[in-house]
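Biologist: Let us go through some labels and ask what stands behind each one.

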Amino acid sequence: MKIVVLIKQVPDTAEERRLEPDTGRLDRDANEPVIDEITERALELALSVKDKDKSTEVVVLTMGPPEATKAIRKALSMGADSGIHVLDDSLAGADLTVTAAALAAALRGTDADLVIAGNESTDGRAGLIPAMVAEHLGLPLLGSLVSADVTRGMVSGERQTEAGTQRVRAAFPAMLTVTERFDEARFPNFKGIMGAKRKPVATLSSSELGVGSVPRSSVLDLAERPARTAGRKIVDEGAAAAELVDFLTAQRLI
């Protein structure tokens, strides 16, 4: 079985994130880059499958600047077997359509049985890339699962909706996305960290993938989020309940 996990390097989510005023792009130098937590959970799912079946091969795939290699190396130290880095300066600032096309093109050469991704990234939060990649590749998508069971030739899982719980399944090849309900990622051990240095990482350019490099969307304007202001304090002098109801009514909250 061969599993490819889509990982993404993002600015540390514990700190405030900013956009570059000139480009409207995320300022990736403002915060320490880390692997997106949700894609770490996706990797953990793949590694848990490998724990049960040692013949399983786990590959990580990312698209990003040169420093994204650090994210790949960490994934390798956690237990992945190899990495693929889509790296090309012309892809900087690529929108969803270009990103999805590039990732799909990179996946075509992997012969993956299963592709695992997070349901959305913590920087862009569009939540569309997995569905777009699946559409490019003609794969069934089991999206936003809260649990998954991966066996040879088949993947199944549960998805929670407002109407209830859906039980879904698909035969390989297929794609699934995990949510924060999945297990947290394991920590790399010393042996894994040392071994990661010897594991192969392939680099692919946009020309090798045959995808366009010009973003099809752009940010026209942006503004700083206004600073928080102090809220209205209601002092209970016998009419606090009525004042609270009036306030909630005025805000159309009740």
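Modeller: Strands S8 (residues 147-151) and S9 (residues 154-161) run antiparallel, joined by 5 bridges. This is a predicted model: local features need pLDDT of at least 70 and side-chain atom pairs 80 or more, while totals for chains, interfaces and linings use all residues. Residues are numbered from 1 along each chain as its sequence is written, and side-chain values use heavy atoms, without hydrogens and water.

Biologist: What makes S8 and S9 a pair?

Modeller: Pairing takes at least two DSSP bridges between two strands. S8 and S9 have 5. Thr151 stands opposite Met154 in S9. The two strands form a hairpin with 2 residues between them. Gly153 in the turn has a positive phi of about 90°.

Biologist: Why is Arg152 called exposed?

Modeller: Exposed means over 50% relative accessible area, buried under 20%, partly exposed in between (1.4 Å probe, protein chains only). Arg152 is at 51%, so it counts as exposed.

Biologist: How do you know that Arg152 forms a salt bridge with Asp53?

Modeller: The rule wants a side-chain nitrogen of Lys or Arg within 4 Å of a carboxyl oxygen of Asp or Glu. The closest N and O atoms of Arg152 and Asp53 are 2.8 Å apart. The pair ties together parts 99 residues apart in sequence, because Arg152 lies in the loop between S8 and S9 and Asp53 in the loop between H1 and strand S4 (57-63).

Biologist: Which side chains does Arg186 meet in salt bridges?

Modeller: Glu44, at 2.9 Å, N to O, and Asp51, also at 2.9 Å. Glu44 has a relative accessible area of 11%, so it is buried. Asp51, at 40%, is therefore partly exposed.

Conventions
Helix = DSSP H or I, 4+ residues; strand = E, 2+ residues; numbered from the N terminus.
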